[in-house]
Amino acid sequence: MSKIFFRLSSLAIITGFISCNNNSGSAVDDNDGIAAFNKDSLAQKIIMLSSDSFQGRRPFTLGETRTVDYISKTFAAMGLEPGNKGSWFQEVPMGEITSIGDPVMKVQSPKGNFDLKKMDDYVIGTELTDSIVSLNNDDVVFAGYGIIAPEYKWNDYAGLDVKGKVVIVLVNDPGYDGSGDTTIFKGKEMTYYGRWTYKYEEASRQGAKGCLIVHNTAAASYPFSVVQNSWSKARMILDNRGNQKYDCPVKGWITEDAAKKLLTAATNDTSLLVKAKEHGFKGMPLNLKLSTTLKVTSVFNKSKNVIAKITGSKRPDEYIIYTAHWDHFGIGKPDEKGDSIFNGALDNASGSASILEIARAFKSMKTKPERTIIFLAVTGEEQGLLGSSYYAQHPVYPVDKTVANINIDEINNVGPTKDVTIAGFGQSQLEDYLVKELKVKGRYVAPEQHPEGGHYFRSDHFSFAKVGVPALTVSAGTDDIKNGKAYGAKMADEYNEKHYHRPSDNYDAASWNLEGGLEDIILLFRVGRTLAFETTFPGWKEGSEFKKLRK
C-alpha cells in the first residue's frame, strides 16, 4: 500500500469520468422498490449467517463453504445473475500463516535483563513462510509515530537507521491528543498514517526487521483484548508468492505499560510517548536488544468473494457496487462464558444480510435500473481487507466505469435514530446524495463519535477509494429517537467494549431492534437507486487525498 496514494494512468479513466457531464435520467417512482424491505426478512438472514452452524465464517473452513453457498443461493433465488462471467464467485488466493511464539521476549538492557510475557505484554506474528522467524539480540529504535508524511511536514524516520532493527512506534497519528488542535494532521480525526497497517508498511519500506506498535485504548479505539483475540489465531494474507516486496518479518503490538518498561530500562524517560507528538521530535536508538522465536507453518488456498448483478437497462457498462464482508474470526479461545464461536452477528452478518435485502429491493423495482448494480460479498476483511483489496487489484468490472461503492459494515441494532454517521465525512460527493435523502426524512449527519478510530480506513470501501472510486460507508447514529443521545452513545460504547470482535457478538431477539437499521439500509438503497438513473459520475471533494485518483 505505498502510503495511500496510487496512480491511475489509463486515458480511459479520464474520458470515462469527464464525458458523463449531465445528470439526466429516467424518472422513477419514489416508492419503487421500497415495499420489498422487511425487518423480519433482515433479521432471519442475520440469524442464519451468525448461527453456530456457520462456525464464525472464517475463510478456509466449513464455515466459509456454508456462508458463500447460502449467499449465492439467496441471490439466485431472488433472480439475480451470477456476477463473474457466469460464476457467483471470484476466487481469492490467500495464505494462512500460523506462528507459534516463545512464551517470552527476552530484553537485554544496561539496567539488567528481563522478560516480556507473550499475550500479557505483547503479541507478535509474521507474514513470512519461513519455518523459523526470530529476533536474535536485535537492536531497538524508538521512532515516534513511525510516519513519513511530506504534506504534513512530518518525518519520524529522519536521521534514523532502522534497517535490520526493531522499531517501536505509537498507534494513531500526532494529531490525536484530545485537544481538537486541527493544525497537526487532521486533529482528532485519524489519517491513514495513524492506522496500524500503515505503520507496518512504512517500517517495511525502511527495512526494519521488526515493528511493534504501542497500544493505547483511546488512541486505537479498542481495548488490548481485541488485539489479543485477533493475533492469537493464524493470520491470513493475499498469496503474493513470486511477487513479494520486502516485508517486515516480525510485526506486533506491545501494551503501553510494556513500552514504558522498555523506555525506562533504556532512557529513564517515559515522557517520550508524549513528546513524540511535538513538531521536531527526533526518534532515537534505544540501548536495548530483543530476542524471541516464532515457529511458522503456512497453508495456501483459495477463498471466495461472492458476486451477483442486476444488468442495467440503458447503461449496462456502468456499475454501482454494494459491498459487505461475509467473514469473521471462526472458532477461537473460549470467553468467560465458555463461548468459543465468533458468530459476528453485527460484524458483519448484519451487513451481508443488508446487501441481500437491497438486492431484493432492486430486483423488485417496476422500472429497472439503467446502470448495472453489483452486489459483492467479500472475504478476508477481518484479516486486512483481503477480499476487497484483491477485487480492486483484479476488478471484474472496470474501475473507470465504476460509478460508486456503497459499503455496509455493521448496522444499527439499537433502535431508530435521528442521525447517521458518515465515516471520514468530507471525502466524496456521495455524501451529498445521502444528506439529501436524510433531509427528506427529517434526519441529519452527526460527527463521528470516535474520529480517532480511523473508520474510513478500516473496511472494504477503502480498497475502492485507493483506486479512485468514490466510496461511502455509514455508521449507526446515536441520537436515539426514544432515549436520546446519551443512551445511543452509551450503547455504541458498550458494544465496542463488550462485544466487538468477541464471541458475545450474537443476535439477541430480546435486545436487538432493527427498525433503525432498516431505515438506514433503505437510505443507502435510495442513494444507489438515484445513481442508477443518472448519467454523471460523482467525484471526490476538495481536500480528499483520493481526488487525484479520479482524474
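This is a predicted model: local features need pLDDT of at least 70, side-chain atom pairs count only at pLDDT 80 or more; totals for chains, interfaces and linings use all residues.
The largest nonpolar core takes in 155 residues, and F75, W253 and F375 are the ones touching the most other members. Helix 9 (residues 345-364) supplies the largest share of this core, with ten residues. Another core, of six residues, sits apart from it and includes M236, L238, L386 and Y390.

Most of helix 14 is covered, with 15 of its 18 residues buried.

Turning to charged side chains, the structure has 27 salt bridges. One of them pairs D139 with K289, at 2.6 Å from N to O. D139 belongs to strand 6 (residues 132-142) and K289 to strand 13 (residues 284-310), so this contact ties together parts that lie 150 residues apart in sequence. Both ends are partly exposed: D139 has a relative accessible area of 33%, and K289 has 31%.

R315 has two partners to consider. With E318 it makes a salt bridge of 3.6 Å, N to O; with E370, the closest N and O atoms are 2.7 Å apart. Since E370 sits in the loop between helix 9 and strand 17 (371-378) while R315 is in strand 14 (residues 315-325), the E370 pair ties together parts 55 residues apart in sequence. Here the side chains belong to buried residues, with relative accessible areas of 16% for R315, 6% for E318 and 2% for E370.

How values were computed
Residues are numbered from 1 along each chain as its sequence is written. Side-chain values use heavy atoms; hydrogens and water are left out. A nonpolar core is a set of buried Ala, Val, Leu, Ile, Met, Phe, Trp, Tyr and Cys residues joined through side-chain atoms within 4.5 Å. Buried means under 20% relative accessible area, exposed over 50%, partly exposed in between (1.4 Å probe, protein chains only). Helices (H or I, at least four residues) and strands (E, at least two) are DSSP runs, numbered from the N terminus. A salt bridge is a side-chain nitrogen of Lys or Arg within 4 Å of a carboxyl oxygen of Asp or Glu.
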